[in-house]
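Q: Could we go through this structure together, taking the strands and then the helices?

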Amino acid sequence: MTEFVTTTVQGGVGYLTLQRPQALNALSLEMIRAVTDALDRWAADPAVAAVVVAGAGGKAFSAGGDIRWFHRAYHEGDPLLQQFFVEEYALNYRIHRYPKPYIALMDGVVMGGGMGISQGARRRIVTDRTKMAMPETNIGLFPDVGGGWFLARTPGRLGEYLGLTGVVIHAADALYAGLADLYLPANALAELVASLHNTTFASGDAVLAHVDAFALSHADACQPRDSQLAKLYDPIDRLFAGATVEAIVQAVSDAPKDVPADWAAQTAAMLRSRSPLMLCVTLEQIRRARDMSLEDELRMELGMMHEVFARGDGVEGIRALAIDKDHQPRWNPSRLDDVSAARVRAFFDSPWRREDHPLAALGR
């Protein structure tokens, strides 16, 4: 194991805890390898009936990948930059197909890579502290870690809205969008973990039944009907149905009177601040992903990420947000009008033949 990931087995449950709270449990390659190793061992271990994954510190499950390292690795020409995504996406797939119940305690910040290691869980538990987002367009990236796949499977056009804007949502929104399964107040989450520790389980189904029964007593505290997304579903579904990002931005900017004016203005401003290139790439990604298998979508994402660091806006976006912190990214191009169809298409032309793809083995 690594100092940033701890593992224990107790009462038939394997506990994985991300231990990097000073960085909001952002994932490093070392952490990805430690989680992968634990899951591989536990899959074959009869003493482990289920897995529970959580983040230490009380502020974040995981805020995503270690973007500062991405920036440094790019400038140093470190080949581990590509390897990070190869191994991260393989782990994401492993979680979605894990043979034993995998339960994610999505307390606090859950963004980017944190979504990648939780969306494949059999039970995704959110709390009153959950702040969930796929905010990649804000740093010149796209919603990866299977983001195209799981966003494309949210109701209506919510996937386009969440992927393009990167807006932060909360527990009721996550339940409504199908990005979470259960709700617990944060203080009750600690009680759930304590009750799991004090019980011995003979099967994964017994662990799931225990978790479900515990959450049932708190179900009335947070319902999908309480979601802001639910209240905005109709305008989102209409305004984000446009064939292009330009059409969507125009529709939001000219929203009719039945659309809340403050929400429309904030949404339009958000879209205008994002990387124009990556907005177009993200829209294409989500719409392609609706008809793709998870493994094919992850393979597509790896090719997209290769293009991001070859000719995209990722390095500049990370510089502006996390390195210099001037929050003045110089997007290339700077205007939606100047994003060509050929530039967008390049993100979907894989640099590998299918049989040579680093993720060729997924799904086999």
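Q: How do S1 and S2 pair, and over how many bridges?
A: S1 and strand S2 (residues 13-18) are antiparallel and share 6 bridges. Strands here are DSSP runs of E with at least two residues, helices are runs of H or I with at least four residues, and both are numbered from the N terminus. Two strands count as paired if DSSP finds at least two bridges between them.

Q: What sort of model is this?
A: It is a predicted model, in which local features need pLDDT of at least 70, side-chain atom pairs count only at pLDDT 80 or more, and totals for chains, interfaces and linings use all residues. Residues are numbered from 1 along each chain as its sequence is written, and side-chain values use heavy atoms, with hydrogens and water left out.

Q: Which residue stands opposite threonine 6?
A: Threonine 17 in S2 stands opposite threonine 6. In the hairpin of S1 and S2, 2 residues lie between the strands, and glycine 11 takes a positive phi near 60°.

Q: What is the strand order of the open sheet?
A: The open sheet has 6 strands in the order S1-S2-S3-S5-S7-S9, and the pairing is mixed. Strand S1 (5-10) and strand S9 (182-183) are at the edges with a single partner strand each, so one side of each has no neighbour in the sheet.

Q: Is S5 enclosed or open, and why?
A: Strand S5 (residues 102-106) is largely enclosed by the rest of the structure, because 5 of its 5 residues are buried. Buried means under 20% relative accessible area, with a 1.4 Å probe and protein chains only. Tyr102, Ala104 and Met106 point one way from S5, while Ile103 and Leu105 point the other way.

Q: Which strands pair with S5?
A: Strand S3 (residues 50-55) pairs with S5 in the parallel sense over 3 bridges, and valine 52 stands opposite isoleucine 103. S5 also runs parallel to strand S7 (residues 123-126), joined by 4 bridges; there, methionine 106 has valine 126 as its bridge partner.

Q: Turning to helices, how do H13 and H14 cross?
A: The axes of helix H13 (residues 276-289) and helix H14 (residues 294-311) come within 11 Å and cross at roughly 165°. Axes are lines fitted to C-alpha atoms over the stretch in contact, and angles run from 0 to 180 degrees between N-to-C directions. H13 is therefore roughly antiparallel to H14, a term for angles over 145 degrees.

Q: Which residues make the contact?
A: On H13 they are Met278, Val281, Gln285, Arg288 and Ala289, and on H14 they are Glu297, Met300, Glu301, Met304 and Val308. Contact means heavy atoms within 4.5 Å.

Conventions:
Buried < 20%, exposed > 50% of the residue type's maximum accessible area, 1.4 Å probe, protein only. Parallel < 35°, antiparallel > 145°, perpendicular 65-115°, else oblique.
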